[in-house]
Amino acid sequence: MESSFLQSVYYENGILNILDQTKIPEITEFLEITKIEDAWEAIKQLKVRGAPAIGIAAAYGLLLGIKDAPENSFDEFYSVFKKQADYLATSRPTAVNLFWALKRMDDCANNEKDLPVARIKEALENEAHLIRTEDEEVCRSIGEHALTLLHDGMGILTHCNAGGIATARYGTALAPLYLAQENGWDIKVYADETRPLLQGARLTAWELMQAGIDVTLITDSMAAMVMQKGWVQAVIVGCDRVAANGDVANKIGTYGVALLAKAHDIPFFVAAPTSTIDLETKTGADIPIEEREASEITEGFGKRTAPEGVKVFNPAFDVTPHELVSAIITEKGILKGNYQEELPKLFKK
Ligand code: MRU
C-alpha cells in the first residue's frame with residue numbers, strides 16, 4: 001500500500017496500532033499497543049511522530065488508560081481520566097496537537113458527565129475516532145489550498161516529514177505534492193535529510209518515492225547551494241505550534257531554511273492545521289522547545305560519531321519568526337500579512 005494511504009495510527013478492538021516510524025524505511029511494522037504506558041513510550045521515542053499523529057495517538061492512548069477506570073460515579077471515573085491525560089501530556093512538550101487532542105477528550109468527558117460512565121467511555125472512543133477522521137479531511141483541504149500557491153514544473157524544498165504518516169492521511173506540507181501528482185504536474189521535491197533523526201531521509205524520501213513523486217535527498221547543509229542553483233521555487237514545511245503572532249515552531253533546522261529562502265527570494269510556506277495553532281501562546285519565545293538525548297547526536301543510529309563526554313545541545317525544534325513566513329496554509333484558507341490579526345479570525349469561521 002502506498003505510504004500516503006497507510007494509516008499510521010488507528011484503533012481497533014481496544015488495540016492502538018502504530019506504524020513504528022523508527023524502523024522505516026527498512027521495516028514497515030505496526031506495534032499493537034494495549035497499555036497507556038506503551039502509548040506514552042511510543043510518542044516519546046518518536047515511534048509515532050508528527051504533530052497531528054501525536055494528537056491522534058494521545059487520544060487513543062487515553063482510551064487505553066481509562067479502559068478499567070471505575071464506572072460507579074463520574075467523579076471517580078474523572079479522577080482516573082485526568083491522571084492519565086496529565087500523564088500523556090508529559091510525553092513531548094512542543095507539538096500543541098498533543099494538548100489540543102487531550103483537551104478535546106476532556107471536553108467530551110465533561111459534556112457527557114450526566115451519562116452512565118460506560119456511555120461516557122463510548123463517547124470518548126467516538127471522539128478519538130473523530131479526531132482522526134477530521135484530520136484526514138483537514139489535510140486534504142490544506143493540500144487543496146496549498147496547491148493554489150504552487151504550479152506545474154516547480155522545484156519544492158521541504159524539511160523533516162510532514163507527510164501522510166505524520167497525520168491521519170496526506171500530510172500537511174506534503175498534501176499539495178500528492179495533489180499535484182494527481183493533477184499530472186511535473187514537480188521536483190528536494191527533501192532535507194533533517195539531522196539528527198533523519199525524518200527527511202528516512203520518512204519523506206520513502207513516502208514520496210512510494211507515491212512515485214520525483215524526490216531528491218540532500219543533507220541539510222546542501223539546501224543553500226540547491227537554492228543558489230535556482231532549483232527551488234518554493235519551500236513548504238509543516239509545524240508543531242503556531243503562536244498567536246505567527247511565529248512557528250517546527251523541526252530543528254527549519255529556521256535556517258527560512259533564512260535561506262529569504263536570502264534567495266523564495267517563498268517560505270507553512271502548512272498548519274488549526275489544531276496546531278495556539279493562540280494562548282503569544283510568541284515563539286513562549287513555545288516550549290523539547291531538548292532530547294545527547295546520544296541522538298553523538299551516536300545516532302548506533303554508531304559513535306563524536307568523542308565520549310563531549311558537551312551537546314540537542315533541541316528538537318526551532319522557531320521561525322513570523323516575518324520570514326510568506327503564508328500560513330490552514331484547512332480554512334491561506335493567511336498572509338498580519339498573522340496576529342488574521343489567526344483569531346480562523347476560529348470564528
Ligand atoms: O520530532 P518530530 O519528528 O515529531 O517532528 C515533526 C515535525 O517537526 C513536523 O514537521 C511537524 O510535526 C508537522 S507533521 C504534519
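This report covers a ligand site and a few backbone details in a predicted model.

Residues are numbered from 1 along each chain as its sequence is written. In this predicted model, local features need pLDDT of at least 70, side-chain atom pairs count only at pLDDT 80 or more, totals for chains, interfaces and linings use all residues, and side-chain values use heavy atoms, with hydrogens and water left out.

**The ligand and its shell**

Start with the neighbours. The ligand has 18 residues around it, and Arg 49, Arg 92, Asp 240, Asn 250 and Lys 251 come nearest. A residue is near a molecule if one of its heavy atoms lies within 4 Å of it. By class, the shell holds eight nonpolar, six polar and four charged residues. Here Ala, Val, Leu, Ile, Met, Phe, Trp, Tyr, Cys and Pro count as nonpolar, Asp, Glu, Lys and Arg as charged, and the others, Gly among them, as polar.

Helix H2 (51–66) and strand E9 (248–251) each supply at least two shell residues. Helices (H or I, at least four residues) and strands (E, at least two) are DSSP runs, numbered from the N terminus. Domain 1 (2–139) and domain 2 (145–346) both give residues to the shell, so the ligand lies between them. Those domain bounds come from an automatic or database domain assignment.

The table lists polar contacts, which are pairs of N or O atoms within 3.5 Å.

| Residue | Part of the residue | Distance to a ligand oxygen atom |
|---|---|---|
| Gly 50 | polar backbone atom | 3.1 Å |
| Arg 92 | polar side-chain atom | 2.8 Å |
| Asn 250 | side-chain N or O atom | 2.6 Å |

Taken alone, the ligand exposes 420 Å², and the protein buries 100% of that. These accessible areas come from the Shrake-Rupley method with a 1.4 Å probe.

**Backbone details**

Most residues other than glycine have a negative phi, and most peptide bonds are trans. Two cis bonds come next. A cis peptide bond joins Ile 24 and Pro 25, with omega about 15 degrees. Pro 25 lies in the loop between strand E2 (15–19) and strand E3 (30–33). Another cis peptide bond joins Arg 195 and Pro 196, with omega about 0 degrees. Pro 196 lies in the loop between strand E5 (188–192) and helix H7 (199–210).

Tyr 170 is not a glycine, yet its phi is positive, at about 70 degrees. Tyr 170 is in the loop between strand E4 (155–158) and helix H6 (175–182).

How values were computed:
Polar contact = N/O pair within 3.5 Å; in protein donor to acceptor, adjacent residues only side chain to side chain.
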